[in-house]
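Here is a friendly briefing to read alongside the model.

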Amino acid sequence: MVNNDEGIIWLKHKIMEEVCRLAWEGTLNDESADRLVYKLAPGPKTDYRCCIYKEREIIRQRIRLACAKNANPDIDTDNIVQVIDAACDECPISAYSVTDNCRFCMGKACLNSCRFGAITPGDTRMHIDASKCKECGMCASACPYGAIVHLERPCKKACPAGAITYDEYGFCQIDEEKCVQCGHCIHNCPFGAICSKTYLVEIINAILEGKEVYAMCAPATEGQFGENVSMASLRATLIQMGFTDMVEVGLGGDMTAAYESLEWSEALKEGRKMTTSCCPAFINLLRNQFPEQFENNMSTTVSPMCAISRYLKYLHPGCITVFIGPCIAKKAESQDKSVPDNADYAITYGEFKALLRSKDMDFVPAEDSYQEASIYGKRFAGSGGVAAAVIECMNERGEDTSSISLLKCAGGDECRKALIQLKNGRLAEDFIEGMVCPGGCVGGPSRYKAENEITRARNSLLSKADERHVLANLEKYPMGKFSMHRNGEL
C-alpha cells in the first residue's frame, strides 16, 4: 500500500484482519470487539498517540468502520469517507503561521496589511490569532523576510472537490454535498484521521451463509500484486477463500465501450458534447457541482463494474457481487440504490489482502490462463483507456473516427477545468474522458504498490493477452438479456 505513513497503514489493515478473523469464527460481537481494542492497545505505553485512552478510542472507531458502521455512533451519515475526531487534533489550526525568520521589524508590514486584527506583536515575533484570521494571505505577501508561511493541510490540499473545511476546534469537516468519495484525503492524512467504511464482514457473512458470492476484479488489478499474480491466480485464490467464482471487470469494459460508442455516434450526429460514465468520483463531481451537465452530457451507459454485476445477477439470480479494485469511490457507487443491480459491495486491494491474511492464505499459483476481456477492456484502467476502447468499437463497426476530438482528463483539477468549459459552452472537444485519479484507475488512491512497480508488472501481464476484437468478444455473452442503461431499462 502506498501512503505517507506505513504505521497508519499497518494498524488499519491489522484491525481489518482481526475483525475478519472474528467474523470467520462467528464470534464477532460487541464484547469481542471491545477485547480486540485492548489486544491492539494493551498499554500503558502507546505506539501512535499521546495517551493510551486516545489510542484505544481511535482503534474502537476503526473497528466500527471495519464493520461498515459509522465511526461516531452519534452522527447519522451515509458518507463512505469519514473523520475520526480523536485522530484529527495534531494538525495546526492556523493556515498561516509566523516562523522563526520573523525579525520583529519596526515596519510591521504584516500587521499593517491585516484587515481583520488577526496579527499582534508577541514577545519576540509577531503572532497570528487563528480565530480571527480569514486566510487571505495578505500578511504573507507583505512580509519582506518571507517569514509567514501558508500551512495548507494535506487532506484539504488533496481534495479535488473543495469538500474539506475545519470547525472552530480545528477538526476536519467533510461537506457531504461536495464530497465525491474519491478517498484522496484518506491517503494524504499523515495522522490516519480520515477513513472509509469497509464491507468485509458482510462479505464473510454472505459466504458463511452459503450464498453465491462472485468476485469482480477491476481492470487495474493486473500488476498490483506483481507479475506472478495473474487473473487466473486471483481467480483460484478467491475460489479457495470461499467465493463462488471471479470475473474480470475488463469484460465489463468491453460491454461499456460497446454501448457508450453507440451514444458517442449519436452525439456526433447531433453535435452534442458528451462525458464518459466510468469513474464514480467524476460522476459524483458532475452530479454535485455540475447538475445540468450531469443530466444533459453524461453517457447513460453503466460502468464496467455495474455491467459485470448485472451480467452475473442475470445468470445467477440472487447472487452477491463484490468488486475488488483501487477505488474508494466504488464503495459509494455500490451503495447508490438509484442504479439497480450494481455491485453489492466494493473493497480495495489493501482490504482484500487483509481478508487473505484473516484466512492465513496467500495467492494460489495457477498454471492455466484466464481471459474474458479484450486488451481494450483490460486497458480501461489507464488514462485514455476508456476513449481508446470506445473508438475501437466505432472502428469495428466501420465508422469514420478521424474527426473525433477528445479531451482526456486525469486528476481533479483537469476534470473540474474541463467541466467548467463544458458548462460555459467553451469546450472545443467533442468528448471528455474524466478520471479523478492522476494516471487513471491504475493510479487510484488504494493502489497496492508504487506506480512504477505496477506499470512494470502490468505491462508484462498484458503482453500475454490475445488480440481479440471487442464486439466479436461480446457475441459470446447474453448482452440483450440485461440492461446497460443506468436506470435499468432494457
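The protein chain exposes about 21500 Å², and carbon and sulfur atoms supply 48% of that area (accessible areas come from the Shrake-Rupley method with a 1.4 Å probe, and for residues only the protein chains shown count as cover). This is a predicted model, in which local features need pLDDT of at least 70 and side-chain atom pairs count only at pLDDT 80 or more, while totals for chains, interfaces and linings use all residues. Residues are numbered from 1 along each chain as its sequence is written, and side-chain values use heavy atoms, with hydrogens and water left out.

**The whole chain**

- The secondary structure comes to 19 helices and 15 strands (helices, H or I with at least four residues, and strands, E with at least two, are DSSP runs numbered from the N terminus).
- The radius of gyration is 25 Å, close to the 23 Å that the globule rule gives for 490 residues, so the chain is as compact as a globular protein of that length (the radius is taken over C-alpha atoms, and the rule is 2.2 Å times the number of residues to the power 0.38).
- Along its principal axes, the C-alpha trace spans about 80 × 60 × 40 Å.
- Buried residues make up 56% of the 490 residues (buried means under 20% relative accessible area, with a 1.4 Å probe and protein chains only).
- Among contacts between residues at least 6 apart in sequence, 74% join residues at least 24 apart (contact means heavy atoms within 4.5 Å).

**Helix 9 against helix 12**

- The axes of helix 9 (residues 250–270) and helix 12 (residues 304–315) come within 7 Å and cross at roughly 100° (axes are lines fitted to C-alpha atoms, for helices over the stretch in contact, and angles run from 0 to 180 degrees between N-to-C directions).
- Helix 9 and helix 12 are therefore roughly perpendicular to each other (the class for angles of 65 to 115 degrees).
- On the helix 9 side, L251, G252, G253, M255 and T256 meet P304, A307, I308 and Y311 of helix 12.

- Helix 14 (residues 349–358) is mostly covered, with nine of its 10 residues buried.
- Among those buried residues are E351, K353 and L356.
- Just after helix 14, D360 takes a positive phi of about 55°.
- T237 is found in helix 8 (residues 231–241), and at 0% relative accessibility T237 counts as buried.
- Leaving aside residues up to four places away in sequence, T237 touches L356, M361, D362, F363 and V364.

Terms used. Angles under 35 degrees count as roughly parallel, over 145 as roughly antiparallel, 65 to 115 as roughly perpendicular and the rest as oblique. Buried means under 20% relative accessible area, exposed over 50%, partly exposed in between (1.4 Å probe, protein chains only).
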